[in-house]
Amino acid sequence: MIQTSTLPRDWHELLKQEFQKEYFQNITKKIQQDIDAWITLYPPLKKVFEAFSLTPLSNLKVVILGQDPYHGPNQAHGLSFSVECEKLPPSLKNMYKELETDLWISPSKSGNLTPWASQWVLMMNAILTVQAWLPASHAKIGWETFTDTVISEISQNTSGVIFLLWGNFARGKKSLINTSKHFVLESAHPSPFSARNGFFGSKVFSQINHLLLKQNKTPINWNLNKK
């Protein structure tokens with residue numbers, strides 16, 4: 001079952017009331033039903049809150065909002081757009097292409113974005129679990145209520161966070177963000193279906209670092225290539 005007790009203290013204090021609400025209890029019931037029916041879920045349950053575990057609220061700099069976890073084996077591990085396997089998903093390949101044209105960083109052979117998370121980039125999907133091979137299969141079980149609350153709480157309790165809203169789904173979350181105290185960068189999604197409609201050429205990675213430097217914060221080292 002999902003272990004909320006493993007969350008860093010600041011996240012747990014911020015969200016503990018959510019864990020007691022009926023909708024969250026319904027999430028856990030649905031997950032248990034799937035487990036009892038021998039349905040494989042992704043990411044592994046111990047990594048459902050990996051994004052929060054790696055990026056404490058107190059240090060948060062950037063939020064990259066995804067939609068649904070990858071639904072194949074050895075892919076999803078709790079960070080949006082990130083995979084543990086060597087086969088890179090198309091959207092991640094396009095993120096690497098933009099990174100190369102923006103900051104001249106050669107594409108990494110690894111799809112694991114954990115080094116970004118350790119620099120306080122929260123990579124959160126709006127839906128935190130999925131059944132194997134069935135995209136959006138957990139889209140209606142309550143996760144979006146939870147992650148919408150996360151976005152709202154970040155907006156209310158922090159300042160100067162940079163939110164990346166890629167594509168129409170993510171842009172729909174803009175109303176949850178106080179844009180007078182945070183930064184919002186919008187573009188097309190890096191998916192092959194839309195990347196050429198505004199994601200390519202957005203220079204999003206250098207924009208983020210420019211905004212961090214304006215706040216006297218350390219910029220993100222986006223280079224995932226091992227030295």
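Reader: Are Trp-116 and Trp-222 buried or exposed in this model?

Author: The model is a predicted one, and the class rests on relative accessible area, with under 20% as the limit for buried. Trp-116 and Trp-222 fall in one class, and that class is buried.

Reader: How many aromatic pairs does the ring-centre rule give?

Author: Two rings pair if their centres lie within 6.5 Å. Applied to this model, the rule gives a count of 18.

Reader: What kind of pair do the rings of Trp-116 and Trp-222 form?

Author: The ring centres of Trp-116 and Trp-222 are 4.9 Å apart, with the planes at 90°. Planes over 60 degrees apart put a pair in one particular class. The pair of Trp-116 and Trp-222 is therefore edge-to-face.

Reader: How many residues apart in the chain are Trp-116 and Trp-222?

Author: Trp-116 belongs to helix α5, residues 114-117, while Trp-222 sits in the segment after α8. The pair thus links distant parts of the chain, and the separation is 106 residues.

Reader: What kind of pair do Trp-166 and Phe-199 form, given their ring planes?

Author: The centres of these two rings are 5.2 Å apart. Trp-166 is buried, as is Phe-199. With the planes of Trp-166 and Phe-199 at 80°, the pair is edge-to-face.

Reader: How many residues apart in sequence are the parts that Trp-166 and Phe-199 tie together?

Author: Trp-166 lies in strand β5, residues 162-166. Phe-199 lies in the loop between β6 and α8, so the parts tied together are apart in sequence by 33 residues.

Reader: Which residues other than its close sequence neighbours does Ser-194 contact?

Author: Ser-194 is in the loop between β6 and α8. Its C-alpha atom is separated by 9.7 Å from that of Ser-91, 103 residues away along the chain. With neighbours within four places in sequence left aside, the contacts of Ser-194 are Ala-188 and His-189.

Reader: How are α1 and α6 oriented to each other?

Author: Helix α1 (residues 9-19) packs against helix α6 (residues 143-157) at about 140°, and the axes are 11 Å apart. Angles over 145 degrees would count as roughly antiparallel. The two helices α1 and α6 are therefore oblique.

Reader: How many nonpolar residues are in the contact of α1 with α6?

Author: On α1 the contact is made by Trp-11, Leu-14, Leu-15, Glu-18 and Phe-19. On α6 it is made by Phe-146, Thr-149, Val-150, Glu-153, Ile-154 and Asn-157. Of these contact residues two are charged and two polar, and the number of nonpolar ones is seven.

Technical notes. Residues are numbered from 1 along each chain as its sequence is written. This is a predicted model: local features need pLDDT of at least 70, side-chain atom pairs count only at pLDDT 80 or more; totals for chains, interfaces and linings use all residues. Side-chain values use heavy atoms; hydrogens and water are left out. Axes are lines fitted to C-alpha atoms, for helices over the stretch in contact, and angles run from 0 to 180 degrees between N-to-C directions. Helices (H or I, at least four residues) and strands (E, at least two) are DSSP runs, numbered from the N terminus. Angles under 35 degrees count as roughly parallel, over 145 as roughly antiparallel, 65 to 115 as roughly perpendicular and the rest as oblique. Contact means heavy atoms within 4.5 Å. Ala, Val, Leu, Ile, Met, Phe, Trp, Tyr, Cys and Pro count as nonpolar, Asp, Glu, Lys and Arg as charged, and the others, Gly among them, as polar. Rings of Phe, Tyr and Trp (its six-membered ring) pair if their centres lie within 6.5 Å; planes under 30 degrees apart count as stacked, over 60 as edge-to-face and the rest as tilted. Buried means under 20% relative accessible area, exposed over 50%, partly exposed in between (1.4 Å probe, protein chains only).
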